Amino acid sequence: MRKAVAAFTVAAIAVAALSVRAAPSQADRAADFERAMRTLFDSMDRTGDGLIDGAEMRRFADDTFAMLDADGNLRLTYAEFRNLDFGLRGLAERHDRLKLYADARERIWQRWRQPRPREVTRAAFRQHLRGELLRVSRGHFGVSYAEFQQARFVQDLATAFR
């Protein structure tokens with residue numbers, strides 16, 4: 001009897017240890033992505049009014065571009081653009097989604113590098129980010145969080161965490 005109880009206890013501990021070491025679930029990925037997107041939205045919404053207005057979009061686009069533009073020439077190469085993070089790289093690594101995350105950034109690059117095939121200017125970066133946000137706006141003076149979630153670049157990033 002003692003051996004059976006001991007064997008059961010060891011088995012229960014082993015199962016518990018395996019479940020702790022197991023990769024995060026899809027629900028965990030989705031919740032982590034939701035928190036990261038909320039943080040990104042809140043960082044864009046500097047006034048805290050729940051809407052990202054035109055000035056906040058421009059400021060965010062310009063600040064993000066400046067962080068990426070390593071050589072300061074006001075043009076992003078693909079190598080510089082690959083550093084686009086939005087606070088998700090660590091999350092992608094944690095959930096073993098780095099390849100999917102890279103694929104999402106590649107889709108964004110393919111769109112945003114137009115009309116120049118090898119680079120993205122600051123004006124184009126601003127225009128594309130702002131354009132994708134404004135396309136989902138419901139006509140009021142800013143983009144709400146629900147609308148932000150529908151922006152094409154956010155949807156691209158979300159595919160890495162589904």
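Modeller: L74 counts as partly exposed, because its relative accessibility is 44%; buried here means under 20% relative accessible area, exposed over 50%, and partly exposed in between, with a 1.4 Å probe and protein chains only. The model is predicted: local features need pLDDT of at least 70 and side-chain atom pairs count only at pLDDT 80 or more, whereas totals for chains, interfaces and linings use all residues. Residues are numbered from 1 along each chain as its sequence is written, and side-chain values use heavy atoms, with hydrogens and water left out.

L74 belongs to the loop that joins α3 (54-68) to β1 (75-76). Helices (H or I, at least four residues) and strands (E, at least two) are DSSP runs, numbered from the N terminus. The phi angle of L74 is near 65°, a positive value in a residue other than glycine. D96 also has a positive phi without being glycine, near 55°. D96 lies in the loop between α5 (89-94) and α6, and its 71% relative accessibility makes it exposed.

T121 of strand β2 (residues 120-121) is a contact partner of L74, where contact means heavy atoms within 4.5 Å. Neighbours within four places in sequence aside, T121 also meets F65, R75 and R116. T121 counts as buried because its relative accessibility is 18%.

Ring pairs link F65 with F41, F60, Y78, F81, F86, W109, W112, F125, Y145, F148 and F153. Rings of Phe, Tyr and Trp (its six-membered ring) pair if their centres lie within 6.5 Å; planes under 30 degrees apart count as stacked, over 60 as edge-to-face and the rest as tilted. By this rule there are 14 aromatic pairs. One of them joins W112 to F153 edge-to-face, with 5.9 Å from centre to centre and 65° between the planes. Because W112 lies in helix α6 (residues 98-112) and F153 in helix α9 (residues 152-159), this pair ties together parts that are 41 residues apart in sequence. W112 is buried, at 0% relative accessibility, and F153 is likewise buried at 0%.

Y145, another ring of the cluster, has R38 over its face, 4.3 Å from the ring centre. A charge sits over a ring if NZ of Lys or CZ of Arg is within 6 Å of the ring centre and within 35 degrees of the ring normal. The charged end of R105 is placed in this way over Y101, at 4.6 Å from the centre of the ring.

The 19 residues of α2 reach 27 Å from first to last C-alpha, close to the 27 Å expected at 1.5 Å a residue, the expected span being 1.5 Å times one less than the number of residues. F125 is buried in α7, as are A124, H128, L129, G131, E132 and L133. Helix α7 (residues 122-135) has 14 residues and should span 20 Å at 1.5 Å a residue, which agrees with the 20 Å between its end C-alpha atoms. An α-helix has 3.6 residues a turn, so residues three or four places apart point the same way.

D45 is buried, since its relative accessibility is 7%. Residues up to four places away in sequence not counted, D45 touches G50, L51, I52 and E56. Its C-alpha atom is 9.4 Å from that of V143, 98 residues away along the chain.

These elements belong to a chain with nine helices and two strands, in the order α-α-α-β-α-α-α-β-α-α-α. Of its 162 residues, 38% are buried. Among contacts with a separation of 6 or more, 61% join residues 24 or more positions apart.

Confidence is given as pLDDT, the predictor's confidence in each residue, from 0 to 100. The chain has a mean pLDDT of 86, with 85% of residues at 70 or more. Helix α8 (residues 145-148) has the highest mean, 96, and helix α1 (residues 2-21) the lowest, 40. Over residues 2-22 pLDDT stays under 50, and the model has zero contacts beyond four places in sequence for them.
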